Amino acid sequence: MTKTHKKPSPVQQKKLLTAHNRNEFFRRLEHLVTLISGNKETFRLIPQQALNSYFTCRIQSLRTESAAGHSVDPKVLSVIKSIAHAMLRSENVVVNEKGDMITLDEFLTVGLTLLLLTNRLEHSLAKNAASFVTTIESMLKDLDRPDSPLETCQKTLSSIAIFESNMASCFYWTNLVFGDGHQGIIPTIYVLVKVYSHVQKKTLFTIDGFTRPAVRVGWCNYPDGMIWCSCQSSALGLTQKDPEDRLPVYIQMHALQRLTERLDCVDPNIVTYFVFNSVNEEKIIKGMNEHYLIEFRYFGRKAGYLLAVINHGKLVIRTFLFLTNNGTPEGRKLHLLTGIQKHDKKFLSLDRLSTFMDPELRRNETIRRLFIDAGCGDLFEITKAQLYSTDQIASHVTVKTMMEYLMLHPVDAEAPPDFSDARLPG
C-alpha cells in the first residue's frame with residue numbers, strides 16, 4: 001500500500017519556510033562575498049555566529065505605504081509595490097572592479113545587510129577575512145556618491161510612480177527610505193517606498209462658445225513634489241513689459257481623450273508625461289486663427305502637435321493633432337503629395353499610431369518614402385519596446401489597398417516626388 005503523507009502543521013510549515021529563506025539568504029550572501037573579496041574561500045572564514053547575525057538582522061524586503069498627509073488608494077499601493085519588485089529584480093549594479101553585477105534587490109536585502117553589519121561583527125570575524133572587512137568599509141564610505149548602488153536604487157524607485165500617474169486625475173511620486181520594525185523581540189530594518197499623491201483640480205474654460213473642463217499641465221518627482229508648466233511669453237510671440245512673463249499651461253480633457261485615441265497603442269498615463277516634456281521644451285509655431293502648435297514628442301520622436309490658444313492669461317491646450325492630421329505642416333505636405341483629405345485619412349486610419357507600427361507597412365519602401373517626404377518619418381522610428389500594447393499594432397486596411405487608394409507605384413518604378421521643401425499655404 002502507498003503511504004499517505006501527512007500535511008505539515010502550520011508550525012512545521014513555518015519552520016520549513018524559515019529554513020528555505022535561511023538557505024537562500026546564505027546562498028546569495030556567499031555569492032556576494034565571493035564577488036567582493038575575489039576569493040571563494042572568504043565566505044568559509046566567517047564564523048557561524050556572525051552568519052546567524054547576518055540572517056537574523058538582515059534587511060527585510062520592500063514595503064509600500066502612504067506618506068504622512070497623503071491619501072493613496074490601497075490598490076495603487078499594491079500596483080506600485082509590484083512594479084518596484086519587478087524593477088529591483090531586473091536592474092543591476094556593479095559590485096567590484098571587475099564589473100561583476102548583482103540585482104538591485106540583492107543589493108538592498110543582502111548587500112546592505114553586509115555593509116551595515118560587518119563593522120559591528122568585525123571582532124567576531126576571522127583574522128584571515130581582514131581584507132574582506134577593509135573592502136566592505138571602503139564600499140560603505142562610497143554609498144553617498146552619485147553613482148553608488150544606493151543612489152541607483154533611489155533613482156529607480158523614484159521613477160516607478162510614472163506608471164500610475166495620470167494628468168487627468170492624480171499624480172504619484174515616491175521616495176526610498178529605511179524603516180524600523182520588530183520580528184518578535186528582534187529589531188529589524190526594512191526597505192520602505194513612501195508614496196505621495198496630488199489630486200488634480202478641474203477648471204472650466206469657455207472657448208468659441210464651448211465650455212470644457214481642463215487641468216493644469218505638470219508632473220511630479222521626489223523631493224520637488226509637483227512641478228507646474230508655464231510658457232514664456234516670448235515663445236508665443238507676445239510683447240510684454242517683462243519678456244520673462246510666463247503663462248500657466250492647462251490641457252482640456254478633450255485633448256487628453258484625443259491623445260488616447262490617436263496614440264492608440266501607448267499607455268495613456270505615460271502619454272501625459274510626454275505632454276509635460278513637450279510643453280517644457282517650448283517648440284512652438286504660430287498657427288492660423290490665433291492658435292499655437294506645440295510640438296509633441298514621444299521618446300524624442302515627433303508624433304504630432306498640441307493645439308493651444310491663449311485664454312484669460314493662460315495657455316490652454318484644446319486638442320491633439322496627430323502628425324498626419326489636417327492643420328499640421330506635415331498634414332499639409334501629405335495633401336500636396338497625394339491630394340488626400342480628412343475623410344481619406346480616416347478611411348485609411350492614417351490618424352492613428354497603430355497603423356504606422358504595422359510591420360507590413362513599415363517594410364513597404366514606397367509607403368515609407370511617401371510619409372518620410374511628408375515629414376512623418378519619426379513615426380517609423382518609434383519602436384515596439386516603447387509601446388504599451390502590441391495587440392493593436394495592425395494596419396486597418398491592407399498595404400495593397402493603401403497603395404491602390406493613394407495610387408502609388410512600387411519603389412522600383414518612378415519614385416514619388418519630394419515636396420518636403422514646398423511652400424505651405426496659410
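Two residues are in contact here when heavy atoms lie within 4.5 Å. The model is predicted, and that meaning of contact applies to the residue with which this account starts.

Glutamine 252 belongs to strand β11, which spans residues 246-252. Its relative accessible area is 2%, so glutamine 252 is buried. Leaving aside its neighbours within four places in sequence, glutamine 252 touches Phe205, Ile207, Arg212, Pro213, Ala214, Val316, Ile317 and Arg318. One of these, proline 213, is 39 residues away in sequence, yet the C-alpha to C-alpha separation is 5.8 Å.

Strand β6 (residues 203-207) runs antiparallel to strand β7 (residues 210-216), and five bridges join them. Proline 213 of β7 is the bridge partner of leucine 204. Two residues separate the strands in this hairpin, and aspartate 208 has a positive phi near 55 degrees there.

The helices come next. In α6 (residues 149-158), the buried residues include Pro149, Leu150, Cys153, Thr156 and Leu157. These lie on the same side of α6, because they cover an arc of only 125 degrees around the axis.

Two packed helices are described by the angle between their axes and the distance between the axes. For α9 (residues 329-338) and α13 (residues 365-373), the angle is about 125 degrees and the axes are 8 Å apart. The two helices are therefore oblique to each other. On the α9 side, Leu334, Leu337 and Thr338 make the contact, and on the α13 side Leu370, Phe371 and Asp373 do. Sorted by class, the contact of α9 with α13 consists of four nonpolar residues, one polar and one charged.

Definitions and conventions. Residues are numbered from 1 along each chain as its sequence is written. This is a predicted model: local features need pLDDT of at least 70, side-chain atom pairs count only at pLDDT 80 or more; totals for chains, interfaces and linings use all residues. Side-chain values use heavy atoms; hydrogens and water are left out. Buried means under 20% relative accessible area, exposed over 50%, partly exposed in between (1.4 Å probe, protein chains only). Helices (H or I, at least four residues) and strands (E, at least two) are DSSP runs, numbered from the N terminus. The arc is that of the directions from the helix axis to the C-beta atoms. Axes are lines fitted to C-alpha atoms, for helices over the stretch in contact, and angles run from 0 to 180 degrees between N-to-C directions. Angles under 35 degrees count as roughly parallel, over 145 as roughly antiparallel, 65 to 115 as roughly perpendicular and the rest as oblique. Ala, Val, Leu, Ile, Met, Phe, Trp, Tyr, Cys and Pro count as nonpolar, Asp, Glu, Lys and Arg as charged, and the others, Gly among them, as polar. Two strands pair if DSSP finds at least two bridges between them.
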